[in-house]
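Here's a quick tour of a protein model for someone just starting out. Have a look at the picture first, then read on.

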Amino acid sequence: MKELWELYLCFARIGAVTFGGGYAMLPILERELVIKRHWVTIDELMDYFAVGQCTPGIIAVNVSTFIGDKRKGAAGALAATLGFITIPIILITIIALCLRSFADLQVVKNAFAGIRVCVCVLILNAVTRLWKKSIFDVKTGLIFAVIFALTVFSGSLPITVSPAILVVAAAVIGIAFGPAGDSSTGNKTEGASK
Amino acid sequence: MIYLQLFLQFCKTGLFSIGGGLATLPFLYEMSRTTGWFSYADIANMIAVSESTPGALGINMATYAGIVTGGIPGGIVATVGLTTPSIIIILIISRFLKKFKDNIWVERAFYGLRPASVALIAAAGINVAAIALVNSGVSFTQFGAWVNWKAVVLGAAIWYGQKKLNWHPVIFIAIAAAVGIVFQFA
């Protein structure tokens, strides 16, 4: 029980200082878990990230679950993940409630209109960063083009395809037409981030 | 039963979004379209707040979306919904981690999944741009009035700044907010 509590507290602290999640938390995890506590080795940590980013869901949650599970099984996994999300939930709750009461102020509207421009740039940067590792031949280019078009023009198409279906279809296409046994094309340890 | 709906919608998001926080965006837009719980502008604000608060982007957006939809309990239910599939899947995978990592079929699936993930994020970016960089209520044919030139200039400046300066995104968000207030972007 003491160890579970320790796991929870440790991940609560990590959750409170990680901005952005994903790979942003790697140096923090390395310091806290590999160097200070010796809970995992750096190789294990890299494995968790590699698999955590190509399994469904939030990368930070996936990695927390792996580490918690390694320490204390399923209960440890729960403790670590709950720890990780505790502080963000509290902070976002406070911010969201405040924003709701101030949303009609002109100054808040102006601020968010400016921030939305910044968000565009952040997304553009994420896309260009992921582009090189993801789109490198005709087939991957085609997958990108078709899914992008279906999603952007979903409002003006007769049928709307759910992103869930697109994701499943992309996986099936990858399995059917992906490279046969050539591991050089897919380096999943460096694929997506965030 | 709004809480059950929220839980299920975010379970679906957690189950099918691959590649982390931004990959949840297409699902938030789908939710906005099909349920009307929040608007596209709300989502753009959620991204901004989530990027500038500690914690994983996807978690923060789920909490925010849940609160907008169902108050504080909604925020908790949405976040738990988002993480539930992750926890179950990882607990299963961790039993045979090595095999999963080097499996050729997993690798081939990712050959298709990676470009799909980029496409979905890029499409979400278009949705944000449609709100941030374009004047609503103006026809595309009047291009000069359609484009929000103030916003485009700010965007170009931030893009250039991010390339040159290795500052944290929060700083650029703060600058963008200040510019928005001073030059009355809304």
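The pLDDT is the predictor's confidence in each residue, on a scale from 0 to 100. That score comes up because this is a predicted model.

**How confident is the prediction for chain B?**

- Chain B has an average pLDDT of 90, and 100% of its residues score at least 70.
- Which elements of chain B sit at the two ends of the scale? Helix α1 (residues 2–16) of chain B has the highest mean pLDDT, at 96, while helix α5 (residues 97–101) of chain B has the lowest, at 79.

**How chain A is put together**

- Chain A contains seven helices and one strand.
- If you walk along the sequence of chain A, the pattern reads α-β-α-α-α-α-α-α.
- Chain A comes in two parts, with domain 1 covering 2–102 and domain 2 covering 106–177.
- The centres of domain 1 of chain A and domain 2 of chain A, taken over C-alpha atoms, are 27 Å apart.
- Along the principal axes, the C-alpha atoms of chain A fill a box of roughly 55 × 55 × 25 Å.
- Of the 194 residues in chain A, 51% are buried.
- Take the contacts in chain A with a separation of 6 or more: 53% of them join residues 24 or more positions apart.

**Empty space inside**

- Rolling a probe the size of a water molecule over the atoms shows where empty space is left.
- The model has four cavities of 30 Å³ or more.
- The second largest cavity holds about 60 Å³ of space.
- What lines the second largest cavity? You'll find A:Val167 from chain A there, together with B:Phe16, B:Ser17, B:Ile18, B:Ala23, B:Leu113, B:Ala116, B:Ser117 and B:Leu120.
- Helix α6 (residues 104–132) of chain B gives the largest share of that lining, with four residues.
- Sorted by type, the lining of the second largest cavity has seven nonpolar residues, two polar ones and no charged ones.

**A closer look at B:Asn45**

- B:Asn45 belongs to helix α3 (residues 40–51) of chain B.
- Is B:Asn45 buried or exposed? B:Asn45 has a relative accessible area of 15%, so it counts as buried, the cut-off being under 20%.
- Leaving out residues up to four places away in sequence, B:Asn45 touches A:Phe112 and A:Arg116.

How values were computed:
Residues numbered from 1 in each chain as written. Chains lettered and ligands numbered in written order. Predicted model: local features only at pLDDT ≥ 70, side-chain atom pairs only at ≥ 80, totals over all residues. Heavy atoms only, no water. 1 Å grid on protein atoms, 1.4 Å probe; cavity = no way out; pocket = protein on both sides within 12 Å on 5 of 7 lines; lining within 4 Å. Points joined across faces, edges and corners; volume = space filled by probe spheres on them. Nonpolar A, V, L, I, M, F, W, Y, C, P; charged D, E, K, R; others polar. Domains from an automatic or database assignment. Buried < 20%, exposed > 50% of the residue type's maximum accessible area, 1.4 Å probe, protein only. Contact = heavy atoms within 4.5 Å.
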